[in-house]
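Here are my notes for a first look at this model. Please read them with the structure open beside you.

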Amino acid sequence: MAHLTPTPVLEPAQDRTMILNMGPQHPSTHGVLRVLLEIDGENIVRLMPDIGYLHTGIEKTCEAKFYQQVVPLTDRIDYLCPLTNNLCYVLAVEKLLGLEIPPKAQWLRVLLNELTRINSHLVWLGTHALDIGAMTVFLYCFREREEILKIFEMVSGQRMMTSYFRVGGIALEPPLGFFDRVRDFAGYFPEKVDEYEDLLTGNPIWMMRTKGVARITAEDAIALGATGPTLRGSGVDIDLRRDMPYSSYEKFQFKVPVSQEGDVFARYICRVQELRESIGIVRQALDGMPEGPIKADAPGVVLPDRERMKTQMESLIYHFKIITEGFAVPAGEVYQAVESPRGEMGYYIVSDGTAKPYRVHMRSACFANLQTLSKMCEGKLIADVVAAIGSIDIVLGEIDR
Amino acid sequence: MPLPPPITDLEELKNHPAIARVLGWNRQAIESAKFDRDEMTIILDRSAIREACALLKEDPACPFDFLSDVTCGDWYPAEPRFEVVYHLLSIPNKERVRLKVRLNSSSPAVDSITAVWPGANYFEREVYDLFGVRFNGHPHLRRILMPEDWEGHPLRKDYPVEGYR
């Protein structure tokens, strides 16, 4: 096509520099990220991320599905925190519909979202440490992550692609023994975080590889659209859970960890502190779990109870209609953002009044965070690129969608 | 719970920080505004977007200092066909506002806001890639998710979900 600029081939700008291609198949890029580096000896002159290898057109697919059929698609955007994406999507649709969600469903959503955050941070911590050369942490992190995945399997039937939330509530009551199992986990998990910290936080090798590396200032981070721990690691105190609460987060007490240095170590400390705060929220959710229904009273939107379908004709009709025709959503548009483990995950949904969304756009936190990589690495050493990529915690599924 | 009807009267909305700021600058820049489901949408004149963004970013009372998102909607076959949507966030005031510009289907183009927020770079490239909307003054406008030699813009409504075969 005529208006396309030619394929970008990064040409060395000077005689002494050369181009180094990193990825898309590279163990430390956490997926299929390709990075083009222009290097002068060991120093990086220019860095250019190249993305799109995992693009699956999820936004386009959503436009062809009923509102309830989009939920499983949202799992597949960010495979490390599917429940966060489920939550953000259903909150957006509920906002379009003007639905009120029962307290128990909201608290369960919070509980599961914080477990998801822990799960995601554990994968990040394990792989990030592995990239920098600390093998043990990886094994420890995956040990605890396994228990969280088993909890997810118990509650939703799936370890990773949970699809547990529904527009108007959650899919099922949690099974017997679920709360005890979560309570056990919340009981021993803080000790495990101490274990990770024993291995890393005071470790001189870890500090040398992370302190002062890939620094970014607060102004740059804001200007480049960074969110989440990438932004809080640079000293900007914002967390959507506290500042623009959703799903009853205003009823929970937690601190928002902020570090000032803006380097890899600062982002590491922010996330490790978040692990502790999240388990605190899980414990509060367990202690204060309200009683009551788990689905909103909205016939025609929320699937009816199976028992009632056997005796009441209307329930059966509603069930049939929701499954075959979906439910119409009043025309309008909403932008709903939640604090995902990686930052601001936002869903912009436009409805034209039919049963299928007119437009679903996912504002991906990693997509914006990745822009900070050039700023972090240019002028620095090539060995630190791996630490920088790890520290912004990218998930390519979310970037490419 | 029935939804309250949207408010579209500019007189009623003029106390919102973003609207007050743009009205104080240029009354003609606002085409219309809507307050619906607790969210403020301002539809701006296409030529005003860059200056309006710079203005809102520097607002002393309520600085919309963070660009959350840039995306686009396609209202094919209606005209103006494209709606470029900007979501701004005020980190100090915890306030959001949505800005929109409408573009016609023949060579849709709008000023880039990368000069105001460098972070708009990827978002604008994505809109260019998937909708074919050009951003004037963008430093690096080329495809970002699709391959360089891809034909067509997949998120347009006249592009089939299964693609062309």
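1. Start with A:S247. A:S247 sits in the loop between α10 (240-243) and α11 (264-287) of chain A. Helices (H or I, at least four residues) and strands (E, at least two) are DSSP runs, numbered from the N terminus. A:S247 is not a glycine, yet its phi is positive, at about 45°. A:S247 is buried, with 22 other C-beta atoms within 10 Å. Buried means 20 or more other C-beta atoms within 10 Å of the residue's own, exposed means 12 or fewer, and partly exposed lies in between; C-beta atoms are placed from the backbone.

2. A word on provenance. This is a predicted model: local features need pLDDT of at least 70, side-chain atom pairs count only at pLDDT 80 or more, and totals for chains, interfaces and linings use all residues. Residues are numbered from 1 along each chain as its sequence is written, while chains are lettered from A and ligands numbered from 1 in the order in which they are written.

3. Chain B has a positive phi to check too. B:K94 is a residue other than glycine, and its phi is near 50°. Look for B:K94 in the loop between β4 and β5 (95-103) of chain B. B:K94 is partly exposed, with 13 other C-beta atoms within 10 Å. Most residues other than glycine have a negative phi, and most peptide bonds are trans.

4. Now the cis bonds. The peptide bond from B:Y76 to B:P77 is cis, with omega near 0°. B:P77 lies in the loop between β3 (66-74) and β4 (82-90) of chain B. B:P80 lies in the loop between β3 and β4 of chain B. The bond joining B:E79 and B:P80 is cis, and its omega is about -5°.

5. How is β8(A) covered? Mostly: 5 of its 5 residues are buried. A:R359, A:H361 and A:R363 point one way, A:V360 and A:M362 the other. In a regular strand the side chains alternate between the two faces of the sheet. β8(A) pairs with β7(A) in the antiparallel sense over 5 bridges; pairing requires at least two DSSP bridges between the strands. A:M362 of β8(A) is the bridge partner of A:Y347.

6. Last, the contact between the chains. How many residues does each chain give? Chain A gives 40 residues and chain B gives 32. Two residues are in contact if their C-beta atoms, placed from the backbone, lie within 7 Å. Elements giving two or more residues to the chain A side include β7 (343-351) and β8 (359-363).
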